[in-house]
Amino acid sequence: MIRFAFQILMRVQLARNHYLFRTVVQLQLFGNLRVMVSTKTAFIYLLGLVVVSTSCRTVDTDTGHWYKGNLHTHSYWSDGDDYPEMIMDWYQSHGYQFVALSEHNIIADHEKWVRIGQDSLKKVALNNYRGRFGDDWVVDQLDENGLAIKLKTLEEYRPIFEEPGKFLIIQSEEITNQIGDKPLHLNATNLRNLIEPQQGESVVEILQKSIDAVQQQREETDQPMIIHLNHPNFHYAVSLEDMIALRGEQFFEVFNGHPQVHNQGDSAHIGTEEMWDLVNIAYLRQGKPMLYALGTDDSHNYHRMGRQWSNSGRGWVMVYANELTPEAIIEALEAGSFYASTGVTFSKLETEEGTIRIEVAAEPGVHYHIQFIGCRQGGDHSEVFEEVDGVSGTFTLQPDQLFVRAKVLSDKQHPNPIEQLDMEMAWTQPVTHSH
Ligand SMILES: [Zn+2]
Ligand SMILES: [Zn+2]
């Protein structure tokens with residue numbers, strides 16, 4: 001259903017969450033099918049619906065929306081420097097609809113205390129916490145070792161924030177493994193039970209065991225959950241060859257907002273975006289599903305801001321899903337019905353097999369540049385097939401081309417950038433020919 005919705009209904013529909021400066025009208029179509037379009041394009045779509053409706057008559061429940069989410073964040077439950085409620089409060093008040101707090105090898109389901117001591121940051125955080133949620137909410141304890149604060153479990157703080165269709169918190173864990181000096185991190189989103197770090201003789205073995213553990217839990221619990229590979233260039237721990245060897249790895253972070261993850265690589269290592277294309281060349285050759293790319297914050301620092309800190313609001317995903325539930329979000333992610341962004345928003349995104357159509361929700365005074373990037377059949381590297389200066393573009397894959405994706409660059413300064421990624425941008429997922 002979701003893929004169908006994405007292909008047919010998609011004529012966009014941003015509406016909420018976006019800085020659309022055009023007037024938006026809502027068209028109530030047959031049954032529950034709703035489409036949000038700008039006035040500028042409404043007439044075109046009304047014409048188009050004559051055609052579309054003949055193939056849509058079986059659709060009676062499509063109510064897709066775009067949801068903004070961050071799938072990678074830390075709190076005091078592991079090595080973040082704030083309380084979960086403060087972090088959720090930030091995301092909820094900054095236009096996000098879902099967040100996964102992904103702690104290192106722990107889920108927030110038991111008793112845990114944070115000791116304040118003489119740490120000035122912890123004192124600031126506690127003051128802010130009391131100020132925002134009140135003394136009655138904060139559970140503290142003073143003993144011979146000083147003041148300690150009891151962290152709330154997910155089930156305790158979830159009701160403060162969650163609202164159907166408006167805000168969702170997804171249970172998550174950053175499965176944090178290590179081999180030698182190489183950190184091997186993968187996020188399990190919407191898992192039910194903790195997954196222990198894995199042991200192994202190689203990078204690939206450890207990563208594969210984590211992937212398999214999530215798959216096994218999914219089968220045992222019948223609960224949809226996904227795993228994604230985090231920041232492969234953090235300590236340059238995961239190589240291109242490692243990623244190519246994995247089975248069942250459908251997602252990775254093309255953008256991670258932590259300042260030490262080397263999204264862009266260096267003189268000796270390729271960046272994550274090039275890695276993404278090379279992995280997909282190999283995956284398609286091997287008959288594997290294509291790898292999809294996420295943008296995430298990986299935020300740890302909530303009091304110190306700037307390039308050297310991992311702050312919130314740097315990278316996210318926009319997911320087109322039928323509803324705001326973990327199941328629907330995961331279904332949409334697995335269908336490729338999403339894009340990664342550090343600031344650019346689309347007002348239109350259609351990704352039928354072989355074709356990508358995009359239109360940017362343009363902000364006044366900002367200039368946009370669209371690149372359609374892909375690989376030719378039999379090729380061993382990606383290239384820019386076509387470039388457009390402007391806010392919209394369409395590209396259809398030719399028979400001699402293997403896959404294509406779109407990247408949108410802007411000349412708008414990111415408010416809090418890392419590396420040399422100073423301007424806001426966005427990445428669609430790749431599409432290939434139908435089989
Ligand atoms: Zn990590
Ligand atoms: Zn992390």
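This is a predicted model: local features need pLDDT of at least 70, side-chain atom pairs count only at pLDDT 80 or more; totals for chains, interfaces and linings use all residues.
Trainee: How many helices and strands does the chain have?

Mentor: Helices (H or I, at least four residues) and strands (E, at least two) are DSSP runs, numbered from the N terminus. Here the chain has nine helices and 22 strands.

Trainee: What share of the residues counts as buried?

Mentor: Start with the cut-offs. A residue is buried if 20 or more other C-beta atoms lie within 10 Å of its own, exposed if 12 or fewer, and partly exposed in between, with C-beta atoms placed from the backbone. Of the 435 residues in this chain, 46% are buried.

Trainee: Which contacts are counted by sequence separation, and what do they show?

Mentor: Two residues are in contact if their C-beta atoms, placed from the backbone, lie within 7 Å. Take the contacts in the chain with a separation of 6 or more: 66% of them link residues 24 or more positions apart.

Trainee: Which residues of the largest nonpolar core touch the most other members?

Mentor: A nonpolar core is a set of buried Ala, Val, Leu, Ile, Met, Phe, Trp, Tyr and Cys residues joined through C-beta atoms within 7 Å. The largest one here has 91 residues, and Val319, Ile329, Ala332, Ala340 and Val408 touch the most other members. Strand β13 (residues 316-321) gives the largest share, six residues. Domain 2 (64-109 + 157-341) and domain 4 (355-430) each supply at least three residues to this core. Those domain bounds come from an automatic or database domain assignment. A second, separate core has eight residues, among them Tyr76, Trp77, Ala108 and Tyr129.

Trainee: What is Val408 in contact with?

Mentor: Set aside neighbours within four places in sequence. Val408 then contacts Val344, Ile358, Val360, Tyr368, Ile370, Met425 and Ala426.

Trainee: Is Tyr67 buried or exposed?

Mentor: Tyr67 has 25 other C-beta atoms within 10 Å, so Tyr67 is buried. Tyr67 is part of strand β3 (residues 65-70). Not counting residues up to four places away in sequence, Tyr67 touches Gln97, Phe98, Val319, Ala321, Leu324 and Ile329. Look at Leu324: Tyr67 and Leu324 are 257 residues apart in sequence, yet 7.5 Å apart in space, C-alpha to C-alpha.

Trainee: Which residues of helix α9 are buried?

Mentor: In α9 (residues 326-334), the buried residues are Pro326, Ala328, Ile329, Ile330, Ala332 and Leu333. Gly336 follows α9 and has a positive phi, near 75°.

Trainee: Why is strand β11 called largely enclosed?

Mentor: Six of the six residues of β11 (residues 251-256) are buried, so the rest of the structure largely encloses this strand. Now its pairing. Two strands pair if DSSP finds at least two bridges between them. β11 and β12 (residues 292-296) run parallel, joined by five bridges. Phe251 has Tyr292 in β12 as its bridge partner.

Trainee: Which handedness does the β-α-β unit have?

Mentor: A crossover is right-handed if, with the strands pointing away from the viewer, the path from the first strand over the helix to the second runs clockwise. The unit of β11, helix α8 (residues 272-286) and β12 is right-handed.

Trainee: Which strands pair with β21?

Mentor: Strand β14 (residues 338-341) runs antiparallel to β21 over three bridges, with Ala340 opposite Trp427. Strand β20 (residues 401-413) is also antiparallel to β21, over four bridges. There, Gln413 has Met423 as its bridge partner. Five of the six residues of β21 (residues 423-428) are buried, so β21 is largely enclosed by the rest of the structure.

Trainee: What is the strand order of the open sheet with β15?

Mentor: The order is β15-β16-β19, three strands with antiparallel pairing. β15 (346-352) and β19 (392-396) are at the edges, each with a single partner strand, so one side of each has no neighbour in the sheet. β16 (residues 355-360) and β19 share five bridges, and Ile358 stands opposite Gly393.

Key. Residues are numbered from 1 along each chain as its sequence is written. Chains are lettered from A and ligands numbered from 1 in the order in which they are written.
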